[in-house]
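Subject: Handover of a structure for your review

Dear colleague,

Please find below the structure that I am passing on to you. My notes on what was found in it follow directly after.

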Amino acid sequence: MFTFYDPQYASNMAEGVDAAFLIIFGISFFFLIGITAVMIWFIIRYHHKRHPKAVQIKESFALEVTWTVIPTILVMIMFYYGYIAFSPMRDIPADAMVVKTVAKMWSWEFEYPGNKLSTELILPINEPVVLEMTSLDVVHSLFISAFRVKEDVVPGTTHYMWFIPERLGNYEILCTEYCGLRHSFMESVARVVPREEFDVWLASVPEATNMDEGLIIMRQNACSGCHSMDGTKLVGPSFQGIYGKAETVLIDGTPAEIVVDSAYLYRAIVDPDYEIVEGYNKGLMKTYKGVIPEEDIQTIIKFLMTLQKE
């Protein structure tokens, strides 16, 4: 694959994607200028002041062949470079490190070998990695522009993306499929580090099995996408110190004072629109009745009861 310039590519996929893009862009730009020039020439050449009487123009076989053959060749050229850029993206190396990637409204979660979880994508430089991507709710799309890789993440299916990071540094991860109210906040970071630094970091990450079971269930059901645990206001109230907290809620539009207890937490999970905390919107949370087993709901409630105020 040839290089138009020397940009020090951030991944092994970037050069092919850039080449295909520049070829398509160049052809499109040429025809934009060319067609615009021809249009201007036609306006001047065939202006009604020069030709007040309309004349029937006969067909031209040579012209029709020309504007059929040349665009066909150009389209095949664009297809060729697009294909040789896309084809390696489907050829996953057998030795690639697998990182399970979960998309949920509105955050990314990455699971490394050993059942270790992270909200950032930490990668060793010059080593292949494959992301096994699933969604817990709606369609998302993972995009790392510096690596020139992008893949939709669809509920009920597993999609794959692989690449080799080739430059140290931090690179933005975005969701490029509109996925709801906080779509623009669904971002993370891919950090490319030396292998030694990666090994130290991975060893320091606790196994998910050592985490509270209630927290694990909440993460599996995307609760952290709408509720923080540090007091930050998101789509829903923060879980920090929620148990025993006095709240003003709206019941059928009527304000009521309540104290958050286990019964309230249960109602908030199975019938979230019944009592809306003042300052938040109705209709944003779906019911989890029948989605989360009853015993798991009780496990979540027990976990929330342990979260204290800072």
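Arg-45 sits over the face of Tyr-46, 5.1 Å from the ring centre. Such a charge counts as lying over a ring if NZ of Lys or CZ of Arg is within 6 Å of the ring centre and within 35 degrees of the ring normal.

Please note that this is a predicted model, in which local features need pLDDT of at least 70 and side-chain atom pairs count only at pLDDT 80 or more, whereas totals for chains, interfaces and linings use all residues. Residues are numbered from 1 along each chain as its sequence is written, and side-chain values use heavy atoms, with hydrogens and water left out.

As to the overall form, the protein contains six helices and 13 strands; these are DSSP runs numbered from the N terminus (helices: H or I, at least four residues; strands: E, at least two). The radius of gyration is 28 Å, while a compact globule of 310 residues would have one near 19 Å. This radius is taken over C-alpha atoms, and the globule rule is 2.2 Å times the number of residues to the power 0.38. The C-alpha trace spans about 85 × 55 × 30 Å along its principal axes. Of the 310 residues, 37% are buried (under 20% relative accessible area; exposed is over 50% and partly exposed in between, with a 1.4 Å probe and protein chains only).

A search of the whole structure gives 13 aromatic pairs. Rings of Phe, Tyr and Trp (its six-membered ring) pair if their centres lie within 6.5 Å; planes under 30 degrees apart are stacked, over 60 edge-to-face, and the rest tilted. One of the pairs is Tyr-112 with Phe-198, which is tilted, at 6.1 Å centre to centre and 55° between the planes. Because Tyr-112 belongs to strand 2 (residues 107–112) and Phe-198 to helix 3 (residues 195–204), this pair ties together parts that are 86 residues apart in sequence. Tyr-112 is buried, at 2% relative accessible area, and Phe-198 is buried as well, at 1%.

Phe-198 also pairs with Trp-201: the ring centres are 5.9 Å apart and the planes at 40°, so this pair is tilted. Phe-198 and Trp-201 are three residues apart in helix 3 and are therefore separated by about one helical turn. Trp-201 is partly exposed, with a relative accessibility of 21%.

Elsewhere, Phe-21, Phe-25 and Phe-29 form one aromatic cluster.

Yours sincerely
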